[in-house]
Every structure is written in C-alpha cells, then in structure tokens.
Amino acid sequence: MTLRTYVIRRLIVLIPTFFLISIIIFVLIHLAPGDPLSAMFGPRVIPPEVREQITKKMGLDKPLPVQYLVWLSQILRGDLGYSYLSKRPVIEMIAVRIPSTLELMLLAEIAAVTTAIVLGVIAAVKEYSLVDAACSLGALIGYSTPNFWMALLLILVFAFWLGWFPAVGMHADIKFDTPFEALFDHLHHLVLPAFVLAFGWTAYLFRLVRSSMLEVLRQDYITTARAKGVKERVVIYKHALRNALLPVVTYEGYSIGFMLGGAVVIEEVFNWLGLGNFMVQIARTRDYPALMGLSTIIALMVLIANLCADIAYAIVDPRIRYE
Amino acid sequence: MGGRLEGKSGKKSENVYKPSKASQFFIVWRKLRRSKLAVFGTGIVLFMSLVALLAPIIIPFSPEFGGTPLLPPSTAHIFGTDALGRDMFSLVIYGARISLYVGVGAVSIELLIGITVGMIAGYSGGKIDELLMRIADVIFSLPTLMLLIVAVSMFAVRGIQTIMLIMGILGWPWIARMVRSEFLSLRETTFVEAARSIGASKWRIILRHILPNALSTIIVLVTVEIPWYIFYEATLSFLGFGDPSSPSWGILMQRGYLHFSSQGWWMITFPGLAIFFTSLGFNLFGDGLRDALDVTTRGR
Amino acid sequence: MGEPLLNINDLKTYFFLAEGVVKAVDGVHLKINRGEVLGLVGESGCGKSTVALSIMKLIRYPGRIVGGEIWFEGENLLDKSEGEMRKIRGGKISMVFQNPTSSMNPVFTVGSQIAEAIELHQDAQKHEIEEKVVEILGKVGIPSPRQRMKDYPHEYSGGMLQRAMIAMALSCNAKLLIADEPTTNLDVTIQAQILELMKTLRKEFDASILLIGHDLGVISELCDRVAVMYAGKVIEHADLTTIFKEAKHPYTQALLESIPRLDIETEWLHVIPGTVPRLIDPPPGCRFHPRCEYAKGICSKEDPPLTEVGQLHSVACFLYSSIEKLNHQHR
C-alpha cells in the first residue's frame, strides 16, 4: 500500500483509541470513593440543600455512564470545562503552560537523541573496549537514578554551593534591558531541568542504539557490503546505521510518555510552570474537571506523537507498508 | 565402506539427556557468577532484602526517637537527624522495608493480572486478543506517572495498600504483552504441536509447556519492574500523594524537601541514595539474569 | 593454461576464542586456473566458508589469518593493505553468499546496491551506471530490469534475489567469483536455474569460479575440478570425473557412497560413523583417522601431506604415501 493509505488507516484507528482513552481517564478519576465536590468546598460547612443544588447543576447526581457521555460530548466540542478553584476555563490554563513544557521537552529530546546515537554507535563499533564499558555502565547508573533526587542534588551542588545556575524558576525576577538578555537568562534557567529530563532518556536510548547496532553489524548484508569493497566507515554509517536506527524511531514515539512523566516531577522541583507542574497542582487540590481536561490533552499529545513516530517509521522502513 | 545404520527395532533408545531442575539452576548460577557486575547486583538485592526483613532488629534508634533536630551527619547519627530529631539512618533502614514491600507487592499484583490477561489474549486470538492488546497499548503509551497521579489523587485518604493496588492494576500491560508474545511464538513451535498430537489438553499444554518457557522472560521482567515501582511510589510520595503514615524512602524525601536548602541536604540525599542503590542492584541483577538465562550461550 | 589465477599455499586461519584456538583452516592448498570452475566440497563446519572469507581477507576478530600465501594474479594477497584489498573486493574478486534474503540490505533498492558496486570499481557517470545496472540485471534473467531495479529486496523472490546478487558480483567483471553455497537455501527447481545461469555467465564473462558446497550433485553440474575438505584441510584434489570414478581418500569414497541413489535398491543408507572432530586443539595425526576403516598406526601420529597420485590428482592419506615419501617431502 502507499504511504498515503497507511497514514489514513492509522488516522482512522486513532478514533476508537481516543474513545478508549477517554473511558480510561474517566474510570481512573472516578475510582476514588467519595464525593468529588468535597475538594471544591474544602472544610467549610455547606448546608445540604445548597449542596444538592450544586450537585444537580453540575450533573453529578446522574449515573456514571451518563456523566461520561455528557463529558465526552463536551470534550468533542472542545469544551474542557472550568477549573473548580480558579474558575477559569481549563483550556486557557493549559494553553498558557504548553510552551514551557514543550521547550523543556524539545531541548531534552535533542540532547538525548544526539548523545545516545553518537555514544551508542561508538560503543557498538568498539564493543568490549573501555569506551563501551564506561558508557554502558554510565547508562545503567543513569537509568537507575531517580530523577527528582538527581534534580535536587544538582540544585544543591550547582545552584547552592557553586552558584553557577539558578535553583528554581523560569526566569529571574528582574527587568532586562534587552530581549537578548532576557532570552539568555531564560536559557540559563532551562539548563538544569532539561539536563535532568534528558539524562534518564539518554541512558535508556543509548542501550537501545547500542544493542540495535550490534545486532545489525552481525547481519549478512554487512558482510556483503564489505565484500563489495565498501569502506568500513561507509559500512557503519550508511549500511549499518540506517538499519540500526529503525527501532529507535519507534522508541522515540514512546519518549513523549517518558518525557511527560519526567516533566511532572522535574517541573515541580524547579518550579517550572508547565503542564507537569500544573498537573501536580490540580491533583493536590483535587480540581477534578481540570484534571480530566488536562489528562485528555496529554493523552491527545501522546496519541499524535505515536502516530508521527509510526508514520516516520513507515517512511524509513520500506518493508513495513507492504502488509 | 562406511558404516551401516543399525535398525532401532531391537535396540533400546538411547538415554535422553534431560537436565534436571537442579542442574538447570546450576548452569544459570554459573553463568551469573561470571559477570562481576551481576554478582555485585545480586549482592545488593540480597543485602537490601535482608535489611528490609531485619529492619526492626537492626536499627540503632527507634524511628520515634526524638533527639536533637536537624543535625548533620556525625558519628552518632551517620545520616543525621530530621526536623523532628529522628535518626535518619534508622529511618532509611525502616524505609527499606516499606519501599520494598510496595515494590514487590505491586509487581505481584501486576504479574497476576498481566499473566492472566496475556494468556487469554495469546490463546484466544482474534477479537478478544485485539481488544485486550489495544487497551494494553493505550495504557502503555500514556505516561504512567500521570495515570498514577490522576488515580491516586482523588482518594482523600490513601493507604499504602491502595497505592500498591493501583500501581499493580496500571502495570499489567507490560507483562501481558510479554506473556502474549511468548505464548504466540511458542504456540506454533513443534514441541507444542507434538504435545497436542498426543492428546494433551489445552490447560496441560499451557501449564507444562508454555509457561515454563515464558518463565525466564517473566523472571527477568519482574526483576526490572521492582525498582520501577519503588521509584513510582517514591515519586508519588515525594509529590505528596503518598501515605505519610508509612515512611517509605519517598516520604522521607518529601519531608526532607520541606527543609531543602544547604542546611538540610542529608535529609534528601540519603533516602535518595537508598533508592538509587536498590535500583542499581536490581538492574544489574536483572541484566545478569537475562544473560544467564539466555539458553543460546553455554555456561562454562 | 599458464599461471594459475589463484594459488593458495598452506593457508592457516585460526579463531582465538576463550575456550581455545579453533583451527578452522589448517594448511589448505588450492589452485584455480583461468576460466576454470573449482568445487570446494565438505561437511558443515569443515572450514570452506572460512577459506572463502580468507581469500577476501574478510576474517574479523576473533579470527585471524596466521599463515600461508594467497597468490592472485601474481601477487600475494596477504601482503596487501586494507585499501588495496578494498579495490580487489567486488572488483577483481567478488563473492555470492548462501542466503540471498539476508545478504541484501533491506532498506536500499536492489538497483542502488548494484550501482554502489559499480561506482566503487568503475569510472562511470550516473546515467552510465544506471544503464549498466539495467544491462546486468537483464543478463541474469530478471524481467523488466528497469522497473525492478527500483524495488527493494523483500519484493524479490529468493531465486530472483540470488540472481541479483550474482549480477552484483559480476557487475565489475570479476576475474574470480566465489560462490559460497549459492543454491543451498533455494528450491530444487530454482537451484537448477541458478546453476544454468552460472554456466552461461561463466562463458560470457570468462570468469573463474570457486564453488563451495556440500552437495556433490550441485558440484557435479558446474565444476571442472573438485577439492574435498575435511576438518580444516584439503584431503583430495582432482578433476570431476576422477573424483567420481577414482576417488582415493576414504572420506571422499564414503561421501560418494552416502549419496542416496534411485537406481540401486538398498535397505540401509550409508552413514559415516562418528562425528566431525572439534577444531579446538585437534588431536595429532590425520583428522579423519577415528572414523576411517583403513586407519593404521601412523595415521594417529602424523598428518598425511597432500601427495600426487595421478595426473592433477592429489590425496592426503597414508594409504598412498609412505613414511619415506613423508620424510622426502619434509626435506
């Protein structure tokens, strides 16, 4: 089938998947026993009639499946509801924060992918060498390190003790003379959180690149290439790498899940006002419409990212379309 | 010229070499011993398990001990004391018990659900398989931490058991996928066909042939999942979604975070170190185990 | 005839493993003349593929060529640098492998992979290269070559892909084509086609072929001469008819006897008792002696040298060379 057919097919599959996700989100939120409204009211004592009135108005007295359908129809119209606590539309609150998370993830992705591929290829080509052993061990250590612990340690060392980087926040609280200075300051704040976010993924991706490359270098077609008289460097970077990177493309699709998960706690530690930080905030206050709205948006982001990864894979691997 | 192949009619068939369970274990053990890192990892795992089990006996101070608050590490208090004067070292040791309990517990639940679902999917095939795998994919691709936060946060009161349960419930896709693919690949092998041809029933085939082969994959998976669950519980606790009455390492870090400055670094460093150390151990052990269980390499 | 095209003298290729040293090729002598097809026969694991890779100097860690000479067109390949070897590989000497589906890079089109070979060894412009690819694909019998060169390896059948591999190997007018079990993984009918193809191409390109295999039937279709290998050594060397009619080495005889025949009624299949020896630290003496009906005392002590027993017929066996001859040769 052509690429176009493949893309269309995948887009169509997106729809039932989205419905499935919406059910899962709804179920998870309503898993907890008790009244979702209690968060809204807090410790204040509310007379029962008022409570009943509000419950009816919000449609919370209807059976759950009905509530789900009501919510679903709202979502499909683009209405994500209003936050309990701030009374602002959820969409607005999310939109404001998306760029911050996006820039964090983008920087982390670029750093992680470049480092992992470069080191992975070197480690595979020089298998069993000191470089390989060092990188592999480093990757294992990186993989085992809890990200928030690393974040705190880095802040301790680089912000508190050495003072090289700011500890928290997205920018310093002062007025800058030029936009250039403001940008630089912002980037200065971006370094530590992006580093922590990238670290875990680099470790994970490195192992994949290395093992994929090793697998490919064992293949017959690599011997054929050498038997043709191809230069070893070309064998590695053209013949081998092209094949070794195929699984990497798929994994990059999963990276968004990893990154978003990491962003939650990293944004919290660095007080980086993005989606992750937002999620923690609304989860703490049990702002349940906001929680449902944010989950939906995040799920959508993941779905789209996975779709892009699938399409990218179909482009680079000629075998996959012919199913 | 050359030999003639004697007919087998009169002769007894040669002794089929069937490695006993004990000798299989030894081959794996020997291969595991080869890698120094794997041995190191195994050591850590055993050490941590021991610490967790013996916690109440080995702690130097009771976790309730109220001493001088906010003391940096010293000879009396190796890890310092926390805001309420409790000895950090004891707290970290006691935390091992809770963190490991959660890790192992969550993995057990995950295993139970995952293996069942995986087997159903693998054996039924068709629409059921597709549906289950679709659900698995969805859960799998969504950020686990977010799903956990969403699920756990809505509980007004959280017990450590609830957290464990939710983690296990959200974790089945991983295992289910593995089990299912093992199932599918083994289902079509000749030895299963042979078993079927002599009339073995469905369940017998599953239990005696397929599951033991899938076992090695599952074991490795479990080893690597435990540190992930310890990590997730720690993160949840750190963010405030944990169970404060069960002082896991994550809870300790949350408490420490409240005093996070250069004046209190030991309160977050040591619990975090414990998590790191345990994860490293399990990962090394898991890697080594995976290589050792690989039947394509001979042990020496 | 003149100088042989390829003359391998006492080649030794060992693999240095943790368990020990595997002497995969332990003193092999081979000669191929211009325009000749030499068959290299032996069981799996006897070292045939290692000989092929050694000629191309494609032996990688943990293996290494430790001794001997490989004379090609008057030069010792073992003296050549890697850069010089690269010019020879795919150009003067090229190779076809056993499994065509795994021997082609799945992410590049077949045409581009052939073009790569041409680019490396011939001075040609882009459009010229394209024409050459079409031409060579046509020569090996691929229909609609201009369309098919844009296809990927997985779109070819096994037989077609092997043809394409042969095309790639011959695209730069190689003098020596090494074919390592080219038909083993193919259907019998396709096998026949490929062998026919190789017969035709051999005449057209005036190439010598080293055909490696374990199937004597396949070998007999194409080869002028045959060398039989066992456990890392060549134990008999003769032309085709001689091998089939007057094989002298006990192993060769056993091999020939074990070919199932449809014209004679037999109850039992002939089997050579015992197994191929492990090539790690092999025992002294003739490698075949534990399985040999005619083994005598000296067979377990000394390694029989390759001795001439007739016109271009050599055997490595103490049935045909005595101690005197042995001492004489060691002089």
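Helices (H or I, at least four residues) and strands (E, at least two) are DSSP runs, numbered from the N terminus. By that count, chain B holds 10 helices and one strand. This is a predicted model, in which local features need pLDDT of at least 70, side-chain atom pairs count only at pLDDT 80 or more, and totals for chains, interfaces and linings use all residues. Residues are numbered from 1 along each chain as its sequence is written, while chains are lettered from A and ligands numbered from 1 in the order in which they are written.

**Chain B**
- The elements run β-α-α-α-α-α-α-α-α-α-α from the N terminus on.
- Chain B has 300 residues, and 43% of them count as buried (20 or more other C-beta atoms within 10 Å of a residue's own, with C-beta atoms placed from the backbone).
- Helix 5 of chain B (residues 144-153) is mostly covered, with 10 of its 10 residues buried.
- Those buried residues include B:T144, B:L148 and B:S153.
- Take contacts in chain B between residues at least 6 apart in sequence: 69% join residues at least 24 apart. Two residues are in contact if their C-beta atoms, placed from the backbone, lie within 7 Å.

**Domains of chain A**
- Chain A is divided into domain 1 (21-76) and domain 2 (90-322), with bounds from an automatic or database domain assignment.
- The C-alpha centres of the two domains lie 37 Å apart.
- Eight residues of domain 1 of chain A are in contact with nine residues of domain 2 of chain A.

**The domain 1 side of that contact**
- Helix 1 (3-29) and helix 4 (64-76) of chain A each supply at least two residues.
- Helix 1 of chain A gives the most, with four residues.

Methods: Buried ≥ 20, exposed ≤ 12 C-beta atoms within 10 Å, placed from the backbone.
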